[in-house]
Amino acid sequence: MVIKVIQVILSPVLALVVGIFFLGLARKIMARIHWRYGPPLIQPVIDMIRLFYQKSVSHGRMFDLGIVLSLAGSIVVVLFLPFGQMCPLSNSGGLLVILYIMLLAPLGLALSAGQGANPNISIGISRKLILSLGYEVPLLLVLLAVMTRYKTISIMEVVSAQQSTGWLITSWPLFLSGLSYFLILPAILGIRPFDMTSAPQEISSGPMVEYGGKYLALATIEHALVLFISIALFVNLFLGGGANPITFFIKMLVVFVLGVFIHAVFPRFRIEQAIKYLWKWPTLLAFLGLIITLAIRS
Amino acid sequence: MSLEILLIIAFGGALLTYLVGKVSYKGRNFLAVVISLVLIAFVACLYGKPVEKTFYFGFFGLGLVLRLNTLSWFFAIAISTLGALSVIFSLSYVKDRERTDFYYLMLLLVNAAMLGIVFSGDLVCFFIFWEIMSWSTFLLISYNRGPALAAGMKYIIMSLVGSLAMLIGMISLYTGYGTLDISQIASAITSASSGYILFILIIFGIAFGIKNAVMPLHTWLPDSYAEAPSPFTAVLSGMLTRMGVYGFLLLMYVIVGLRNVITPRLLSYHYILAWLGAVTIVIPTFIAMLQNDAKKLLAWHGIGQGGYMILGIAFGTSLGLAGGIFHTLNHAIYIVLLFMSVGAVQYRTGGERDLNSLGGLIKKMPIAFVGGLLGIAGLMGVPLTNGFVSKWLIYKTLILQRSPFLAFAALIGTWGTILSVYKFLHNMFLGQLPEKYENVKPAPFSMQLPIIILSAAILLFGILPGIPLKVINAIGTSFGFETLNVTLWGITSETGALNTINIFSALLVAAIFVWILFRLGAKSVPVSQEDSYAAGAHIPKDKYHYTAEFYNPLYRMIKPFLRDVIDEFYYRIAASVQRLSDSVRRVYTGDVGYYVTYIILFLALLILVQIKWKPW
């Protein structure tokens, strides 16, 4: 019981630390690719503390509650994800619940921003929702392939099965699904070439445009958690999770740095181009992966 | 005994309300509410007292039977509760309309007929109540006149096709077994050939498929939902359409029986029905995204969600069945809530339901907004709302039973739903408030009350799904399915449990923590909607109209694929029938002189035949 409580408190904190570290790291790596020196690693923390002390504007009750809901939703998702062997809510509904609670974060943000009455927000949310429909098609096929392969909806079982059989991404035919997941990962993370949702130069950061002060701070924390969740899900499902938090963290780091490289060198897609891409190769691969999985098992 | 009294109260009450309405409208409103509340109490008292009783023998030698079991109780309590809420909602909604006595008569009659359907113990009763329901629905759909007349006509024609199919099935059963008592047929049919069983399944399936708007029999629904008065649309979408689900349950698991329906073959009835359900989920959900009419958008979702129910009950495992039945209840709750929320907005904005001209109403109508928010959360299946639990049950069945493609259809339906319902909520309540709605007042209390009750129900059944699942579990057991391990907050099993109370407490603690963090930060300043940042550009004062084509990039890509081909096909049939009738009318002119000529010509023909061949 005590261990459980400690885990419940510890895992969001760890997730937050990792997520914010990633934010700082991304800026540093980007700067180096651009031949700049870049801000210190803890710059996001400094920014956040400063933001909490700054004045902000509010557009109404939903504007406040939405951002709270969004962050709370992300914290709950973290409790469902195994971090190494630590998973506080492992037996409360499994992958299906994870998939659905991951809705709360964008939904809360969309509701909050929606009250802002600003065209940039509408454009940003519209793009975000279309983009998520775009990547959900291959993502759902990938997740279904994994669940069909192991005949379970529990993410813990998928992780522990990989401890004995090896990483899922190296196994046939889920190699196809894993590849598809990797191809859509930038879209899930919202990094280039898929950052049309925020697109600072075009629509003034889209849904974020009305946020300032503590709103922006909470939105940044939320963003850090989303980074953690998206990568942790990939590592858990395809890279064998982690025997302990250290190996898990190293795996996440490698995936993230790869993602930042992609982010640094690609220009931005338009939303139609993004959908066309997502519904073509990743979907095809995921579809093949699912069919072959089904054929082999039956 | 008690069932007859219940139905007498229901039908008699409807007529009495009409008569009282001729004298005083206050008395009528009071009576309508009282009767619907009495019906709830009555049905609630009947819980756990199964009855089967023949109350009349004289119908051409057939007994008319009323019966009560867990299945019918479950549907009856939902019907009476939602019916009462709809009557309460109507109090202000139809206040200033014409023919309100007629409206209440029909509304109560529809509820009474639905209660009759679920309490019927034989197919004659079933058919009679089914027909009362169909035509009273027709009259209510057409209540607003104008385009509503065409919608009602479309409904009644499709409904009649369904009724005829049912009648053929009944005649066939009667000639085969000499009885129309449901329990007698159920025991007699076990010896029937599989071909005959398939015939019965298909012929009744057409009737129930039309009522439940399963693709390709769905086309009556969008127009009817959009044109009917909002409180009745709530009843129509919540329970009346779902009489189709009740029919399928009765057909598949009571009359034909579990063993005869669920066969392991790939091309079997239940498997094809499950695939029809999956198609019914995906296509209407994506069509809903293109809609700009609030009620039409919900109507298409009504079709889509019906697909989940069919998918769940057709798949035929105890989890799937529980999911399907539970989803029927959940859908009823959130769709009624959504239609009421739209109704409240319509009432205060002069009947406006075009999503492009509304906006920003959250500050003016907070209760309607909360209703809309929880309604769409349930519709999407956000965890801790009721829709999530039933969908979880269905997904889990499909995944563990190795039907990932059916599961994919169900899951992608959810993500399509998110897009359209966000647009629904955003364009009505969020975003910019147009100047003409500056002085909109909140909905009256009689509209807010049902919205509050249903919002609470969504959260209650989402956090403690065990309450309805216990009853649903009993229904499944009575059909011969294995019992589920239901707890108050979910389901336990070796293949993955659901524990909503864990999710709830985690979210609650997280939300409180974040809220405290939020309060600790520097205070924010409330600003008006004009005071927003547009990078130096000017934001137009009234509607900025980006929301009009909210998902424009996606529309351009998917619109060509989403024509309602089936509807066009039916219209083409209707057009050719009309041409045929026109040419028939050229012969049957209605002029007696023509008929005399026909008779003389026919006699001449007979005489000619007799002279030539001498057959007589």
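In chain B, helices α1(B) and α2(B) are roughly antiparallel to each other (an angle over 145 degrees; under 35 counts as roughly parallel, 65 to 115 as roughly perpendicular and the rest as oblique). The model is predicted, so local features need pLDDT of at least 70 and side-chain atom pairs count only at pLDDT 80 or more, whereas totals for chains, interfaces and linings use all residues. Residues are numbered from 1 along each chain as its sequence is written, while chains are lettered from A and ligands numbered from 1 in the order in which they are written.

**Stop 1**

Select residues 2–23 of chain B for α1(B) and residues 25–45 for α2(B), whose axes come within 8 Å and cross at roughly 170 degrees. Helices here are DSSP runs of H or I with at least four residues, strands are runs of E with at least two, and both are numbered from the N terminus; axes are lines fitted to C-alpha atoms, for helices over the stretch in contact, with angles from 0 to 180 degrees between N-to-C directions. On the α1(B) side, the contact includes L6(B), I9(B), L16(B) and V20(B), and on the α2(B) side it includes L31(B), I35(B), L39(B) and F42(B); two residues are in contact if their C-beta atoms, placed from the backbone, lie within 7 Å. By class, this contact has 13 nonpolar, four polar and one charged residues, where Ala, Val, Leu, Ile, Met, Phe, Trp, Tyr, Cys and Pro count as nonpolar, Asp, Glu, Lys and Arg as charged, and the others, Gly among them, as polar.

**Stop 2: α3(B) and α4(B)**

Now select residues 70–93 and 100–119 of chain B, helices α3(B) and α4(B), which pack at an angle of about 175 degrees with their axes 9 Å apart. That angle makes α3(B) roughly antiparallel to α4(B). Among the residues that meet are F75(B), I79(B), G83(B) and V87(B) in α3(B), and L107(B), N111(B), M114(B) and V118(B) in α4(B). The residues of this contact divide into nine nonpolar, six polar and no charged.

**Stop 3: α6(B) and what follows**

Select residues 147–177 of chain B, the 31 residues of α6(B), which at 1.5 Å a residue should span 45 Å, in agreement with end C-alpha atoms that are 45 Å apart; the expected span is 1.5 Å times one less than the number of residues. Buried residues of α6(B) include Y155(B), I156(B), M158(B), M166(B), M170(B) and L173(B), together with the charged residue K154(B). A residue is buried if 20 or more other C-beta atoms lie within 10 Å of its own, exposed if 12 or fewer, and partly exposed in between, with C-beta atoms placed from the backbone. The buried residues of α6(B) pack against α5 (123–141), α7 (182–188), α8 and α9 of chain B. Just after α6(B), G178(B) takes a positive phi of about 70 degrees.

**Stop 4: single residues in chain B**

A213(B) is buried, with 28 other C-beta atoms within 10 Å. R259(B), in helix α12 (residues 258–261) of chain B, is exposed, with 9 other C-beta atoms within 10 Å. Select T190(B) as well: its C-alpha atom is separated by 9.1 Å from that of R259(B), although the two residues are 69 residues apart along the chain.

**Stop 5**

Select residues 386–400 and 404–429 of chain B, helices α17(B) and α18(B), whose axes come within 7 Å and cross at roughly 155 degrees. The contact is made by I394(B), Y395(B), L398(B) and I399(B) of α17(B) and P404(B), L406(B), A407(B), A410(B) and L411(B) of α18(B), and its residues divide into nine nonpolar, no polar and no charged.

With both chains shown, the contact between them takes 62 residues from chain B and 67 residues from chain A. On the side of chain B that touches chain A, α18(B) gives the most, with eleven residues. By class, that side has 44 nonpolar, 15 polar and three charged residues.

**Stop 6: α23(B)**

Select residues 565–587 of chain B, where the 23 residues of α23(B) should span 33 Å at 1.5 Å a residue, in agreement with end C-alpha atoms that are 34 Å apart. Of these 23 residues, the number buried is zero, so α23(B) lies largely in the open.

**Stop 7: two loops of chain A**

Finish at W35(A), in the loop between α1 (2–33) and α2 (43–53) of chain A, where phi is near 65 degrees, a positive value in a residue other than glycine. W35(A) counts as exposed, with 6 C-beta neighbours inside 10 Å. P193(A) lies in the loop between α8 (174–189) and α9 (200–203) of chain A, and the peptide bond from R192(A) to P193(A) is cis, with omega near 5 degrees.
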